[in-house]
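Colleague: I would like to learn how to read a structure. Please take me through one, feature by feature.

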Amino acid sequence: LELGRVHLQLGSPQVAKEFLEEALHITRKFGVASHPVLHALALDLMGWCQRNLKQFAEAETMFLEELHLREQHGFSQEGISVVINNLAVTYQRWGNIALAIDKYEKSVSMKRRQLN
């Protein structure tokens, strides 16, 4: 995971993708339920990679899987709103403005609820 994150930060999403594919394989092999935080992190980073590579459908899949995992395992609402925001950015860059607005509104609504 760490090597994938570093390569992503260095602007090498294709190299990062290779490390993250391995990380996802390992977390799935050992069971997502036993390592949901690591698996969620791998999905998040892979979503960022895919988006940087302009593979928007794949990025959407990663973020949707991460969202489901976070909801299923009771992650914080703050973390869930971040994933929804990542989806919004993905839809915006993909050119699907209607879905982007929907996700941005949902993310902002969740953040407002957290403040109240």
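Colleague: Leaving aside its neighbours within four places in sequence, which residues is L24 in contact with?

Modeller: First, the ground rules. This is a predicted model, where local features need pLDDT of at least 70 and side-chain atom pairs count only at pLDDT 80 or more, while totals for chains, interfaces and linings use all residues. Residues are numbered from 1 along each chain as its sequence is written, and side-chain values use heavy atoms, with hydrogens and water left out. Contact means heavy atoms within 4.5 Å. Beyond those sequence neighbours, L24 touches H39, A42, L43, M46 and M62.

Colleague: Is L24 buried or exposed?

Modeller: Buried means under 20% relative accessible area, exposed over 50%, and partly exposed in between, with a 1.4 Å probe and protein chains only. L24 counts as buried because its relative accessibility is 4%. L24 sits in helix α2. Helices here are DSSP runs of H or I, at least four residues, numbered from the N terminus.

Colleague: Which residues of the largest nonpolar core touch the most other members?

Modeller: The general idea comes first. In soluble globular proteins, nonpolar side chains tend to be buried together. A nonpolar core is a set of buried Ala, Val, Leu, Ile, Met, Phe, Trp, Tyr and Cys residues joined through side-chain atoms within 4.5 Å. Here the largest has 14 residues, and L8, L20, L24, L43, M46, C49 and M62 touch the most other members. Helices α2 (13-30), α3 (36-52) and α4 (56-72) each supply at least two residues of this core. Helix α3 gives the most, with six residues. A second, separate core has 10 residues, including L67, I80, I84 and L87.

Colleague: How does the span of helix α5 agree with its 18 residues?

Modeller: The expected span is 1.5 Å times one less than the number of residues. Helix α5 (residues 77-94) should therefore span 26 Å, and its end C-alpha atoms are 25 Å apart, which agrees. Buried residues in α5 include G79, I80, V83, I84 and L87. Their cover in the fold includes α3, α4 and α6 (97-115). After α5 comes G95, whose phi is positive, near 95°.

Colleague: Is L3 buried or partly exposed?

Modeller: L3 is partly exposed, because its relative accessible area is 49%. L3 lies in helix α1 (residues 2-9).
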